[in-house]
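Please look over the helix packing and backbone geometry of the model shown here.

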Amino acid sequence: MIEFTLNGQIVRTDDDPNTPLLWVVRDTFKLKGSKFGCGAGLCGACTMHVDGQAVRTCVLPVFRVEGKQITTIEGLGSPDSMHPLQAAWTEQSVPQCGYCQSGQIMSAAALLEDNPSPTEQEVDQAMAGNICRCGCYVRIKRAILSVAENAAVEDNGLAYNAAAVMPEVQS
Amino acid sequence: MSGVNVSRRNFLKASGVVGGGLVLGFSLTGCSSRPVPVEPVAGAFVPNAFIQITPDNRVRFYCPRDEMGQGVTTGLGTLIAEELDIDPQSLDVVFAGVHADYNNPDFGTQGTGGSSSLRVHYRQLRQVAANVRDIILEAAARDLGAAKGDLKTDSGSVIADGERHPYGKFAATAQTLTAPESAPLKSRGDFKYIGKDFVRLDALEKSTGTAVYGIDIDVPGMHHAAVRRSPVAGAKLVSVDKSAAAGIQGVTDIVEISSGVAVVAEKYWQAKQAVAALNPTWEIVELGSVNTDKIREDYLRAIDAEEGIVETEGEIAPAFSNAAKVLENEYWAPYLAHAPLEPMNAVLRIENGQADLWTGTQGPAAAEGLVSRFSGIAPENIRVHSTYLGGGFGRRGVLTHVIEITEIAVATGKPIKLLWSREDDIKHGVYRPASLMKIKAGVDEAGQVTAWQAKRVGGNIMPQTLKNMLPGLLPGVPASIINAAVGLSNRAFGSWTIDESSIEGLFEDYDFPNREVSHVTVEHQVPLCFWRSVGHSYTSFAKETMMDELAEQAGLGSVEFRLRNTKNKPRLNNVIKVAGEHMKQMRPAEGRYLGFAAHNCFQTDVAQVAEVSVERGQIRVHKVTCVVDCGVAVNPDIVKAQMEGAIMYGLTAALHGNLSHRDGTIQESNFHDYPILRMNESPDVEVVIIDSEEEPTGVGEPGLPPIAPAVANAVYAATGQRLRSLPLTLA
């Protein structure tokens, strides 16, 4: 039995200890926001936070997270209470097919946690592990930089007003 | 190898049959007597297959096309919202089930592709919604005892005497009335939503991990399947040692299916381990002796053969004699995989003679037909539940995974989720065909291209598309007849007719007064499929790098030369002109160079300028300026997003994309050896949309073809090296 904390809740699993964390989270705990893209740690679609670090969970055996804090896209924010990155992603219509975006957002969140005002080059570097096959890179980068800028302007950490950027028709 | 003269008339006739990028222009589904798959809420108004208005004023839009990222739910939803007069953000978008009412009018079946959705549904869906608005006004007039002419609508409400009445209030009366056929449509000046930017309808779900893809579906009792397939496409299983796989914990079934051996287990991870532990033997097939070198050699032999002329105009021989300069070059493009980030998958439950299939597909009607054919369940007892597609790019129009899951579910009697691995996707896919092209062109003193002789050698997509689609589109027709039709089409496309998608884009864009287009089919039994922009993905590379070379010979700039040769193509000419003006304003930093290319496909015109540097032999694209004319831009922000995305997809192909065969086996397997462009390699993109009154044309694909030649032309400016092979590699 392996025990860890998933989005703030203690969970236990008797899955094969070698099962990658991604499949335990998706199939045992039924959180489907983290995606399978390559199974080799190459595309980043499965990115979660393990003790605050962005980690590719398709190659991380679940026994390795015994006692650790796991955060998934569902734990980062929800449609009713979005993380600033999720709000920016929505407001700027970043996603196309959307399949990679949970992983993109988790990588971006870890970056901003670590470095609240990254340069463009630092964003490139931190996000190079996440493939977007639809090629939304222009918007992903813009959204990350806008959140960083907003946080700096507000001097208010990352607590910017998600309601202010909800979808709205502009004529 | 074969190739036969076909007159221009026959060529056009053949194009008519296979035009537009997907399949046959007549209805194959024949299921119009079936009820529409709309589950009505009590008391709701359901005027047609597309719209349901509930008493509490929710408006559901049953979207006939599939959402693979191109923004079709927003685009088509905007058409509905505009004429129904509601806020698009308030729509509940539902992916339609299978019914002939949802057919793509261009394809005659329920298919999404060919950058067609907005073009083919622009009038249809607006008319549908305008008719519904009219009937609501009629119902409101009756319920309120008002004159219909005195009523107006605004954002989902009828306005009577200054009072707002939500549409839902009139659902019951509306349900008793008959909709008009042709209520007047809004004129462009009255548009509230068409042509305006607003947030994609799916942005919130896709930013919060709540959007549902095929891979996310679970049903009670579901087991997980993985499949071992032959490393050489088409080779059948001879025998398999299952003992090691059967011993793996959680494995419940190992079944032989038409594509190989399937392992079924309680968990995906168990199925994945077990499928690797199988020890299969495969039959020997012809493709098993094929290497990439042999493919290229076979193509090289064919390109010099005097055969395969499919289209002529003017007199080519005297035009070459009279030309001031003549150039002749060959161009190569390799096989490519689509690699959508969500690998192929589906969930199928067969219970009490009823089948439910969940999958993200570009062809739900064909999916239904395949489940029917391989399970024996009648189509009316099958429900296809479409999900979001984690990328399509043409790949999700081929449904071998639906055949596989049906065979597995029938053999095991269990609800099944089938998931392909990334290695399955790269190694067992259906590919963008490799192509060898030769262009010989002559230019006169005035910078006019007077002779254009173009030839393409390679395999054809269309006969394979028929082979893949007919079994699903005609589930009641016996396999023997389908096979005969496929055999006939193979012979046809191999000898007397031409697959338009093999040569499209090679010759149409410029005013070539004398031209000759040839095609020689050389097949190696490699599975082929439509890949974002299809033939244009390689023909544009040959055509636009040759145009750049000719411009240099003529002593003219890239833009001026193209302007002189597009006098009969005003829309393309204008896009080139506008892009040229932007190019003049670009001030590349030292060490950076500009390259230009333009192309028309799917009725949309695009020109691009790429700003490129070459450092230590590495090509780096810094910025792309993209000018597009797609008629009315229904949602300009999505048009921009599609240009941005197509440029990145095209850059992956231009800089990295390459599949190679050894002993008939694809050598690449995952993103380490089939790399996808990453953020640190991606350019800034500026998109300029030409203001237009014309009806919309597609934007999913047309942003792709110009980027590879624009980069190649910039590389020439930077290094003096003409690169004529994809992916672009410096000597």
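This report covers helix pairs first, then backbone details.

## Basis

The model is predicted. Two packed helices are described by the angle between their axes and the distance between the axes.

## Chain A: H3 against H4

Helix H3 (residues 84–91) of chain A packs on helix H4 (residues 101–114) of chain A. The angle is about 130°, and the axes lie 10 Å apart. The crossing of H3(A) and H4(A) is right-handed.

H3(A) contributes Leu85(A), Gln86(A) and Trp89(A). They meet Gln101(A), Gln104(A), Ile105(A), Ala108(A), Ala109(A) and Leu112(A) in H4(A). By class, this contact of H3(A) with H4(A) has six nonpolar residues, three polar and no charged.

Helix H3 of chain B runs over residues 117–144, which is 28 residues. At 1.5 Å a residue it should span 40 Å. The end C-alpha atoms are 38 Å apart, which agrees.

Just after H3(B) comes Gly145(B), with a positive phi of about 65°.

## Chain B: H2 against H3

Helix H2 (residues 72–84) of chain B crosses H3(B) at roughly 35°. Their axes come within 7 Å. The crossing of H2(B) and H3(B) is right-handed.

From H2(B), the contact uses Val72(B), Gly75(B), Leu76(B), Leu79(B), Ile80(B), Glu83(B) and Leu84(B). From H3(B), the residues include Ser117(B), Leu118(B), His121(B), Tyr122(B), Leu125(B) and Arg126(B). Ala129(B), Ala130(B), Val132(B) and Arg133(B) of H3(B) also take part. The contact of H2(B) with H3(B) divides into eleven nonpolar, three polar and three charged residues.

## Chain B: H10 against H13

Helix H10 (residues 364–375) of chain B packs on helix H13 (residues 462–473) of chain B at about 70°. The axes are 6 Å apart. H10(B) and H13(B) are therefore roughly perpendicular to each other.

The H10(B) side is made by Ala365(B), Ala366(B), Gly369(B), Leu370(B) and Arg373(B). The H13(B) side is made by Met469(B), Pro471(B), Gly472(B) and Leu473(B). The residues of this contact of H10(B) with H13(B) are six nonpolar, two polar and one charged.

## Backbone exceptions

Most residues other than glycine have a negative phi, and most peptide bonds are trans. Which residue has a positive phi although it is not a glycine? Ser155(B) does, at about 45°. Ser155(B) sits in the loop between strand S4 (152–154) and strand S5 (157–160) of chain B.

A cis peptide bond joins Leu726(B) and Pro727(B). Omega there is about -5°. Pro727(B) lies in the segment after helix H20 (707–719) of chain B.

Methods:
Residues numbered from 1 in each chain as written. Chains lettered and ligands numbered in written order. Predicted model: local features only at pLDDT ≥ 70, side-chain atom pairs only at ≥ 80, totals over all residues. Heavy atoms only, no water. Axes fitted to C-alpha atoms, helices over the stretch in contact; angles between N-to-C directions. Helix = DSSP H or I, 4+ residues; strand = E, 2+ residues; numbered from the N terminus. Left-handed = near helix turned anticlockwise from the far one by under 90°. Contact = heavy atoms within 4.5 Å. Nonpolar A, V, L, I, M, F, W, Y, C, P; charged D, E, K, R; others polar. Expected span 1.5 Å × (residues − 1). Parallel < 35°, antiparallel > 145°, perpendicular 65-115°, else oblique.
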